[in-house]
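Let's take a walk through this structure together.

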2 protein chains.
Amino acid sequence: MNLKQLALHLGLSQTTVSRALNGFPEVGERTRRRVLAAAEQFHYRPNASARKLATGRAGAIGVVFSSDRNLLLDPIFTDFLAGVAARSAESDTDVLVSSALGDEADTYRRLARAHSVDAVILSMPREEDPRVSLLHRLALPVVVHGRTESKLPYAHLDIDNEGAFRRATEMLADLGHRRIGLINGDTAFTFALHRERGWREALAARGFAVSAELGRAGQMTEESGYRFARLLLEFEAPPSALLCSSIFAALGAMRAIRDLGLAIGRDVSIVAHDDGLAAVRPETLTPALTTTFSSIRAAGARIAEIAAALAAGADPASLHEVWPVDIVFRGSTLPPPERAS
Amino acid sequence: MNLKQLALHLGLSQTTVSRALNGFPEVGERTRRRVLAAAEQFHYRPNASARKLATGRAGAIGVVFSSDRNLLLDPIFTDFLAGVAARSAESDTDVLVSSALGDEADTYRRLARAHSVDAVILSMPREEDPRVSLLHRLALPVVVHGRTESKLPYAHLDIDNEGAFRRATEMLADLGHRRIGLINGDTAFTFALHRERGWREALAARGFAVSAELGRAGQMTEESGYRFARLLLEFEAPPSALLCSSIFAALGAMRAIRDLGLAIGRDVSIVAHDDGLAAVRPETLTPALTTTFSSIRAAGARIAEIAAALAAGADPASLHEVWPVDIVFRGSTLPPPERAS
DNA sequence: TGCAAGATTCAAAGCGCTTTGACAAATTCA
DNA sequence: TGAATTTGTCAAAGCGCTTTGAATCTTGCA
């Protein structure tokens, strides 16, 4: 059943039916009701492609699997995407997921030139990210999940990674910790850079030595969490507390602590960033994990809204949000054990 | 730059340019080369919507976040989707991700009637899954990731869950284990049902009592793995080995074993199903985990191919695959400790 | 009652592409 | 050399929708 048939059936013009369906004001109330009823009855749905062609808008937003993480996939992406998809569904927008084969820039160019999407979501930005200016040149609106250095006005939503890790570090310092290790994501990415900065600043503010060797960055997997934690804890003067950039890394760090015959909390405190994944809940671990928490799913949902606004022509310069991050205090953080130092 | 402009520039008709670009045979070789060169030069890309409208095919496949797991998201979905997206990119097909708000059936109806996609991928099917017949009625080709009871011909790709868990159970039995627990996914889903069946059959084949209480099913999270393992291990006659349906559940089970002061492997053996996630690698754990392994990413890639074939009109009845599952023997499985029993 | 203003409705022109059926040019064959 | 093919190209007709600009029908008011 298409518009023509529906119009024919109703004895109306396609124009009127289209307008009635799309809520234009110049349609009589009686007529509108008739149209709506018939559309309902025949399960009429405008053909997506035809509508796109006529309006020029794709009615879709794009998400590109960045090649950076193409091999090493981040499980939190599911939650993020679920947030995006859920909110997009509400505004009847499609979500197009593309994988960048080879050059990621090509993928964006393809999306732009084929007019497949009205806006794209850019994940895991780097401090200097050429993608933002590329998209600007392509005139493809973008909302960045995170932040990047750019003079160009670009919409973004980020969480306060710096503040979160600063406060977490301060909290550990308040408990008496002097040597606080950081197990971070790859600092090529802005979020990791910000976290490192927060940690570094808090240490500096207290006058603690900021030794680079206490800050490690890499993949946020269980295994690398384990490896880094072991490395740090086997130092002459090991840290008495560890900050982990992901729950998976924290799992690895906890394993390392145990493997070394130490107790989590009592011997080595742990704070982890929690994105709110259902698969591993920090509050159910033993001991329950102190976390910096921010729901990545909620971020996805909000980003979908921003993308929709952008697609509708909103000014990117006005679409900036930085969400505060909660610290949830639990059993994995205790004062450091008594020591000579 | 659109087709018209390109044709104008070349002094050719739109027809010829279109045909040249799409590789039709009736275009002169010289002409074709000219057209291709110009298209390259001007970065011409056909407008996706226009092409869809003209051809009637959406050039996209759909993936629906099932409401079943909408709240409790599965991190392995990222890997699956990455596989789908990567392969789809090769065949220039879009991947549309939709979230089912409310009734999932509505989402499929919407996709079908708006002709947004040429085929859909159905994940986590149940034994009796109304979605398959719904999609059949909607004439929307479907490829099921897993299997379901249905008389209708439907394409699917599944892994041999039953065989995997049967062999894993047999392997444990061969090591001398008599009481083997199962920590499974929700048996409302076929994959979990099959795994349970494999476990059950192996036990029965050896003449071991198949006590229902040794088989537990629920979410595949760390927490529920912990809970179930604890429950089982606190029995009067606890299992000496545990089969876990996911690496996350295995992580929880390992924690439970340790919390009870037991040793993984020596006191309680563990086998887990490994989907190949990078975030948690069974071979790097202590002890390294014995697993049934099948890359969910590879499955996603192959499913994208099947979906493309379906979209191109292939007969679903001919598109069935069941992949064998490898068992990878590692340190977490040892003979059971000597006991009175 | 007559007419301007407002409320509805419509026919037709795109949107940018593919594809059909016709036509011209080049080639082959008798 | 002329007819019969084959090859290469084109104009035009859609695909199903939105939207413009004009036409028609109601009202309200003088």
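Start with Asp92(A), which makes a salt bridge with Arg110(B), their closest N and O atoms being 3.9 Å apart; a salt bridge here is a side-chain nitrogen of Lys or Arg within 4 Å of a carboxyl oxygen of Asp or Glu. Asp92(A) sits in the loop between helix H5 (76–90) and strand E2 (94–99) of chain A, while Arg110(B) belongs to helix H6 of chain B, so this pair joins two chains. Helices (H or I, at least four residues) and strands (E, at least two) are DSSP runs, numbered from the N terminus. With 43% relative accessibility, Asp92(A) counts as partly exposed, a label for values between buried (under 20% relative accessible area) and exposed (over 50%), using a 1.4 Å probe and protein chains only.

A quick word on the ground rules. This is a predicted model, in which local features need pLDDT of at least 70 and side-chain atom pairs count only at pLDDT 80 or more, while totals for chains, interfaces and linings use all residues. Residues are numbered from 1 along each chain as its sequence is written, chains are lettered from A and ligands numbered from 1 in the order in which they are written, and side-chain values use heavy atoms, with hydrogens and water left out.

Back to the salt bridges: over all chains, the structure holds 48. Another one pairs Arg302(A) with Glu305(A), the closest N and O atoms being 2.4 Å apart. Both residues lie in helix H12 of chain A, three residues apart, or about one turn of the helix. Arg302(A) is partly exposed at 24% relative accessibility, and Glu305(A) is partly exposed at 31%. Over in chain B, Arg200(B) bridges to Glu196(B), with 2.6 Å between the closest N and O atoms. These two are four residues apart in helix H9 (residues 190–205) of chain B, so about one helical turn separates them. Some bridges link up, too: shared partners join Arg87(A), Glu90(A), Arg302(A), Glu305(A) and Glu321(A) into one network.

Now for the pockets. The largest pocket holds about 1,300 Å³ of space. A pocket is an open set of points on a 1 Å grid over the protein atoms alone, where a 1.4 Å probe fits, with protein on both sides within 12 Å along at least five of seven lines; lining residues have an atom within 4 Å of a point. Grid points are joined across faces, edges and corners, and the volume is the space filled by probe spheres set on the points. H4(A) gives the most to the lining of the largest pocket, with six residues.

The second largest pocket has about 910 Å³. It is lined by 34 residues, and the closest to its centre are Tyr44(B), Arg45(B), Pro46(B), Asn47(B) and Arg51(B).

Finally, look at strand E8 (residues 241–244) of chain B. Ala241(B) and Leu243(B) point one way, Leu242(B) and Cys244(B) the other, and all are buried. Strand E6 (residues 180–185) of chain B runs parallel to E8(B), joined by four bridges; strands pair if DSSP finds at least two bridges between them. Here Leu182(B) stands opposite Leu243(B). Four bridges also join E8(B) to the parallel strand E9 (residues 269–274) of chain B, where Ala272(B) is the bridge partner of Cys244(B).
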